[in-house]
Amino acid sequence: AFMLEQMPFQQAAGNYPHVFTVTNPPYGIRLRPDDILQLYKDLGKFLKDQCPGTMAAVFSANLEALSGVGMKADKRWKLFNGSLECRLAKYSVRPRA
C-alpha cells in the first residue's frame, strides 16, 4: 500500500524514512534567480535531513538550480515540458555522515 500526499516540503514535520519523493519545483519564471537557488538548496537539505535512506526524483528546466540540490544524481533523463528542455534527476538520499 502507499499514500500520496501533496504539500510544500517546508511544511513537512518529522522524518520520512520510507518515501519516494517526486517533485517539480519552479524553474525560475515566477521567482527571482536567488530565490530559486535557495529553494533547491532547501529541498536538498530537507531530503538529507528528513528523508535519509530514501529516493527522490526532481524534474526541472533550471539546470543551474538543479545542481543546488547538493547531491549527485544516480540517473538523469533529458525530457521536454513543451519546448523547455528539462531534466528528471533521480537521487538516492544518503544519510548525513
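Colleague: Fine. What kind of model is this?

Modeller: This is a predicted model: local features need pLDDT of at least 70, side-chain atom pairs count only at pLDDT 80 or more, and totals for chains, interfaces and linings use all residues. Residues are numbered from 1 along each chain as its sequence is written, and side-chain values use heavy atoms, with hydrogens and water left out.

Colleague: Salt bridges, then. How many does a search of the whole structure find?

Modeller: The search finds 3. The criterion is a side-chain nitrogen of Lys or Arg within 4 Å of a carboxyl oxygen of Asp or Glu.

Colleague: What does D49 meet in a salt bridge?

Modeller: K45, at 2.5 Å from N to O. Both residues sit in helix α1, 4 residues apart, about one turn of the helix. Helices (H or I, at least four residues) and strands (E, at least two) are DSSP runs, numbered from the N terminus.

Colleague: And why does D49 count as partly exposed?

Modeller: Because its relative accessibility is 31%. K45 is partly exposed too, with a relative accessible area of 46%.

Colleague: Which residue does D74 bridge to?

Modeller: K90, with the closest N and O atoms 3.1 Å apart. That pair links distant parts of the chain: D74 is in the loop between α2 (63-67) and β3 (75-81), K90 is in strand β4 (residues 84-92), and they are 16 residues apart. D74 is partly exposed at 36%, and K90 is partly exposed at 21%.

Colleague: What about E85?

Modeller: E85 forms a salt bridge with R87, the closest N and O atoms being 3.0 Å apart. E85 is partly exposed, at 35% relative accessibility. R87 is buried, with a relative accessible area of 16%.

Colleague: Switching to rings. How many aromatic pairs does the structure hold?

Modeller: There are 2. Rings of Phe, Tyr and Trp (its six-membered ring) pair if their centres lie within 6.5 Å; planes under 30 degrees apart count as stacked, over 60 as edge-to-face and the rest as tilted. F9 and F46 have ring centres 5.6 Å apart and planes at 40°, so this pair is tilted.

Colleague: Where do F9 and F46 sit in the chain?

Modeller: F9 is in the segment before β1 (20-23), and F46 is in helix α1 (residues 33-50), 37 residues apart. F9 and F46 are buried.

Colleague: What geometry do Y16 and F46 have?

Modeller: Tilted again: 6.2 Å centre to centre, 55° between the planes. Y16 lies in the segment before β1 and F46 in helix α1, so the pair ties together parts 30 residues apart in sequence. Y16 is partly exposed at 22%. F46 counts as buried at 9%. F9, Y16 and F46 form one aromatic cluster.

Colleague: Now the core. How many residues has the largest nonpolar core?

Modeller: It has 22, and those with the most contacts inside it are Y40, L47, L66 and Y91. Such a core is a set of buried Ala, Val, Leu, Ile, Met, Phe, Trp, Tyr and Cys residues joined through side-chain atoms within 4.5 Å.

Colleague: Which elements give two or more residues to this core?

Modeller: α1, β2 (55-60), α2 and β4. Helix α1 gives the most, with 6 residues.

Colleague: And what is L47 in contact with, leaving aside neighbours within four places in sequence?

Modeller: T21, P52, A56, M71 and V93. Contact here means heavy atoms within 4.5 Å.

Notes: Buried < 20%, exposed > 50% of the residue type's maximum accessible area, 1.4 Å probe, protein only.
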